[in-house]
Each structure stands twice: as structure tokens, then as C-alpha cells.
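Here is a short report for a reader new to this structure. Start with the picture, then follow the text through the chains.

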Amino acid sequence: MIRPIALPLALLALAGVLATVISLGVGSVAIDPMDVLSVFLGEGTDLQRTLVLELRLPRTLSGFATGGLLAVAGALMQVLLRNPLADPYVLGLSGGAAVGALLAMLAGLGGVVVSGSAFAGAMLATLMVFGLAHGTGSWTPSRLLLTGVVVAAGWGAVITLMLAISPARELPGMLYWLMGDVSYARTPWPGLGLLLVVCFIVVPLGRSLNVLARGPMQAAALGISVRPLEWMIYVLASLLTATAVTMAGSIGFVGLVIPHMLRMVLGNDQRLILPACALAGGTLLVLADTLARVVIAPEQLPVGVITALLGVPTFLYLLYRSR
Amino acid sequence: MASLKRPAMQTLKTRELVIDIPGRASGYPLNLAIESGQIWGVLGPNGAGKTTLLHSLAGLRPPRSGSLCLNDKPANELKRRVLSQQLGLVFQDRQDGFPATVLETALIGRHPWLSPWQMEGADDLAMAERALEALDVLHLKDRLVSTLSGGERQRVAIATLMTQSPHTWLLDEPTNHLDLHHQVAVMKLLTGRAKAGNAIFMCLHDLNLAARWCDHILLMYPNGEACWGLAERMLVPSALERLYNQELQTVEVDGTPFFVPKRG
């Protein structure tokens, strides 16, 4: 709580810019990082301008926004449940949001309705997991995880069912709901905007979150209205997850890996951790997406494959250590 | 301690307060007045409701009936933040979900005093360090709380309350896990705070700590009955034997009675 905040955030922001420049340069036509920068200064060839600004920039920014949103959502849920294993994907929020979005799309609706439906799906999924796992006592890690994993598997089955009954020609475009893929993102701006707003909200909220992380009774004794704060975190985490899922499908484990790594280095002051999660989560997903584009080029991997390959060992390590 | 400013007079009153203990049909109404300068000890066997009473007094658990007033104002009409500037509580169980250092843990005591946009300043830091020093844990300030012993954690928890610096201190078995020297040190610290004008209200399991340091006693019987008053009138062998269902032998030290369980 008394560590300097500006330096780590500046370093993470620099890493984010570097990752973005690398990501914009990599692809079927490689562009030198210096040329990428010159495009932003209004120079470069027409081909470079089209490639960087029109084809690659929206995807990269969408990746950044998605990663940031998921990492912040994960960090918030971890405070809410006082459990470092909480993650929107593991607990089935992403699945619920994906089902909500798919339902709206199958009904022929688009735009805002899809996002709203995804939000409702994420809220419903959270309510189910929290309600069922709470049961008679507190959220014990094993109960919570079991409930979350089972609910997530249920959402996966529903998604597969909906894919099975939808027209075959739409299948490739819909599969990404299961694994997550940034290439289908339409526009990065709502996600980036939300990410920025959240970073400003969490600064005044951060100290309350620090106290809440000590348990609800201690928080109440230190002057926090626990219920309203818990609801606010819950709604915020659902909103962030739903926005991320409508942009890029259900990408897993970003919300688990990033907060965990940052806490190991920076401690657990939410006023620092939450903005740091936004930057580091964005950076990680931009890099993962760059990797996904080059590993089996010219074919592309869904970015969710990369994050899962990073996330599964982290998750198992945390679970192993918690016993 | 001289740097902590002297708090104004304050009274925490309960009116016909019946605490809510699940499974206990009847409850005994409490009419307590906990005032500046007093040190209260709550005695009773396991399950008598001591912890529930502390949580009710802190406004963390609604009573079954009756009300709680702080300076004649109903406590449930006060904002949580204002209440926690007046009233603090050391819990018996603590959960450390995430790693935190000793200094960070003490610093959260400043939470009720800071506005949302405010960061902890040099004054807050100094208060936290003074409290850690008073509890003899300042040398551990950069250690993670999860690596401390039970007694050290207990002292960090009391230091957090001291950093919060409310008027009324509620403590749930503050001498738990403490060695003899630190038990005495904590009781002396609490006596000092009471002399400076704070009100102290704590649950204790050690009859003799209560006899030595408390000026007011509340006895809570397992059937829900309770009686309270000045220590010398409450600490009589017959009442205590009934309280704990244990025969006692009384000895006198420094003019105060001490109680030892009878053998056999």
C-alpha cells in the first residue's frame, strides 16, 4: 500500500506499446518496427498503411482490450471470493456470456442486443456459481471450483448444441465462442473505452477492495458497507467479462495468470494491481495473438489455445500449492 | 502513547438488547453502559455468546431485539464509516486470503479516516508504526503476516485496532496465543488506553487476568442469563463456580481475589 505506483505502471505501459508495435509488424508481410512507427507518423507506403492501420491495428487493439478486461475481471473476482483461483473462464462466466450472445445471434438479433444478452448470460452464470457454491457456509475453494467447473462444462455443452443445430456454413465463424479468437472482433473501441473507465473507477475503490480482501467481517468493522460493495464488484466483473466475450469469444485463463504474476511482484494493493492488470493483460493477449498468427503460419490458431497452454499449468500450480 | 490525542467522553449503551444466538429460545435483555475510562471483562463458558455479543455491539450482527446507542444516538442510524471511527473490534479468527505484510495490515486501520481518493500519508504511516512498536512487532513490519506465529498475529491485530484508534475498543480474547509477558504487556497497554479516556470491552477466558485488570465484569451464563457490574461485586466464588460449572479455590494476592480450580 505504500509502494510507488507510477514506476511499475509506466514500465507496463511501455511493454504494452512494444507488444503492439511487434504485433503490427508480424504477419504474412513482415514490417520493420521502425516502419510501423513511421506509419503512425503519416509516412510509409500505401501497402504498409493499409496493412497496419486497417487490417492489423483493429485486431491488435481488440486483443489488448480483451486481455485487459479479462485480467481486471479476474482480479476483481479474486478479491470478491478471497480466492486466487477465481477466473471468469474457470467459473463459467465466459461460457454464460457466450451462450447469451449465441442465443441472441440465433434469434437473428445483432449489435447491442448481442452484448446485452452476453451480459445477462455472464450475470446468470455468476449468480448460479455463487449461489450454488455458497450453500450453507462460506465459499470454500474446493466447492467453488467444483461448482464453477461443472457449470462451465454445462455452458460448453449448450454452446456445442447450439453450434450443432446452426447452419453449417456459419460454423467456422461461430466456433470461436468455444475457444476464443480475436480475429472476429469488429471494433476495439467499446472495450478500450470500458477498460479506461474501469481504471479510473478502481482507483477510489481500491482501498475498500484491499480491506474487503481481509474478509467481510473485518471490512464491515472498518467501515465498509460490504453488501453494496460486493454487488458492485460482481456487476462490474460480469460487465467486463461480457464485453470481452462479445469481442473475442471465451478466452481462458488471462484473468488467472496475470493477477497471480503481478501479485507476486507488486504485492496486493488493488490500487496498483487493477490498473497493472489492465496493462499486463492487454500486453499478454497481444503477444499471445501474435504467436497464434505465426506458429503454424499461414494458418492461424485461436488465441485461446495459447492462453490455455499458459494458464493450465499456472492453475494447477496454484491448486497444488494451496493444499 | 502521549501523541495519541485524548478522546472525548463517549458512552456505548444497550437498551434491552437481546443477542441473536441460533437455537437459543430465550435471551436475557442487556442494559449495559460502556463508558470512557472503563475496562470491561466478559466472562463465560464456551458457547455462552461472548463473541456474538461483541459482534452485536460492533453493529455487525443485528440483535434479536433491543437497541444499541452511541452517545444516545441509535447506532444503526450512523453510517458504517462514522461508526468505525468510534468503535473498533479485534476478531478472534482472522482470515488471510492474500499475502500482506505486517505494516500493510496495520495500515488498513486508517481506512475509516481516509476519503476514497486519499492515499495513506506520512501521518498514517507514523501511527501504524507507533502501534506496531507499542505491541512489540515493529521489527516484523516487512514480514508477511502468514509467516508469523499465532501470538505475533494477535499482536498485529491489536496494533491494527490501535491504528484505527476508535474511542471504544472491543476485543475478542486479546490474550489468545500470547505468552505470559505479552499477555501482561497487552493488559497494561489496554489499561493505559482506558486511563487516556478510551473504553475497553473484551472477552476473556482467563479469570485471573480479568480479576487483575478489569474494573467492570459481565458474566454470561450458558442458559442465556447474564449479570454485570463492578468487578469486586461480580467476582465472587459462588457466581463463578456456577458460571463455569467448576469448583474453585480462592487465594488473595495484592488484596485482590484469585481463583484456582479445585483438584479432583
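## Sheets of chain B

Four strands of chain B form an open sheet in the order β2-β1-β4-β5, with antiparallel pairing. Two strands count as paired if DSSP finds at least two bridges between them. Helices (H or I, at least four residues) and strands (E, at least two) are DSSP runs, numbered from the N terminus. The edge strands are β2 (33-35) and β5 (73-74) of chain B, and each pairs on one side only. Strand β1 (residues 11-18) and strand β4 (residues 65-70) of chain B share five bridges in the antiparallel sense. There, B:Thr14 stands opposite B:Leu68 in β4(B).

The model is predicted: local features need pLDDT of at least 70, side-chain atom pairs count only at pLDDT 80 or more, and totals for chains, interfaces and linings use all residues. Residues are numbered from 1 along each chain as its sequence is written, while chains are lettered from A and ligands numbered from 1 in the order in which they are written.

How does the model score? It has ipTM 0.89 and pTM 0.88. Chain B averages a pLDDT of 91, and 96% of its residues score at least 70. pLDDT is the predictor's confidence in each residue, from 0 to 100.

| Strand pair (chain B) | Sense | Bridges |
|---|---|---|
| β6 (residues 87-90) and β7 | parallel | four bridges |
| β7 and β8 (residues 199-203) | parallel | five bridges |
| β3 (residues 39-43) and β8 | parallel | four bridges |

Some partners can be named. B:Leu170 in β7(B) is the bridge partner of B:Leu89. B:Ile200 in β8(B) is the bridge partner of B:Trp169. B:Ile39 also stands opposite B:Ile200.

Is β7(B) buried or exposed? Strand β7 (residues 168-172) of chain B is mostly covered, with five of its five residues buried. A residue is buried if 20 or more other C-beta atoms lie within 10 Å of its own, exposed if 12 or fewer, and partly exposed in between; C-beta atoms are placed from the backbone. B:Thr168, B:Leu170 and B:Asp172 point one way from β7(B), B:Trp169 and B:Leu171 point the other way, and all are buried.

β8(B) is mostly covered too: five of its five residues are buried. On one side are B:Ala199, B:Phe201 and B:Cys203; on the other are B:Ile200 and B:Met202.

## Where the chains meet

In all, 25 residues of chain B are in contact with 20 residues of chain A. Contact requires C-beta atoms, placed from the backbone, within 7 Å. On the side of chain B that touches chain A, α2 (80-86), β6 and α3 (102-107) each supply at least two residues. α2(B) gives the most, with four residues.

## Inside chain A

The unreviewed UniProt entry lists transmembrane regions in chain A, including residues 61-81, 88-107 and 188-210. UniProt positions are in the numbering used here, feature names are shortened, and annotations may be inferred rather than shown by experiment. Residues 88-107 are 70% helix and 0% strand, with end C-alpha atoms 26 Å apart. Residues 188-210 are 96% helix and 0% strand, and their end C-alpha atoms are 31 Å apart.

A:Thr66 lies in helix α3 (residues 46-81) of chain A. Why does A:Thr66 count as buried? Because A:Thr66 has 32 C-beta neighbours inside 10 Å. Not counting residues up to four places away in sequence, A:Thr66 touches A:Val182, A:Gly191, A:Ala244, A:Met247, A:Ala248, A:Ile251 and A:Leu285.

The largest nonpolar core has 163 residues; A:Val72, A:Leu76 and A:Cys277 have the most contacts inside it. Such a core is a set of buried Ala, Val, Leu, Ile, Met, Phe, Trp, Tyr and Cys residues joined through C-beta atoms within 7 Å. A second, separate core of six residues includes A:Leu24, A:Ile31, A:Val36 and A:Val52.

Key. Contact = placed C-beta atoms within 7 Å.
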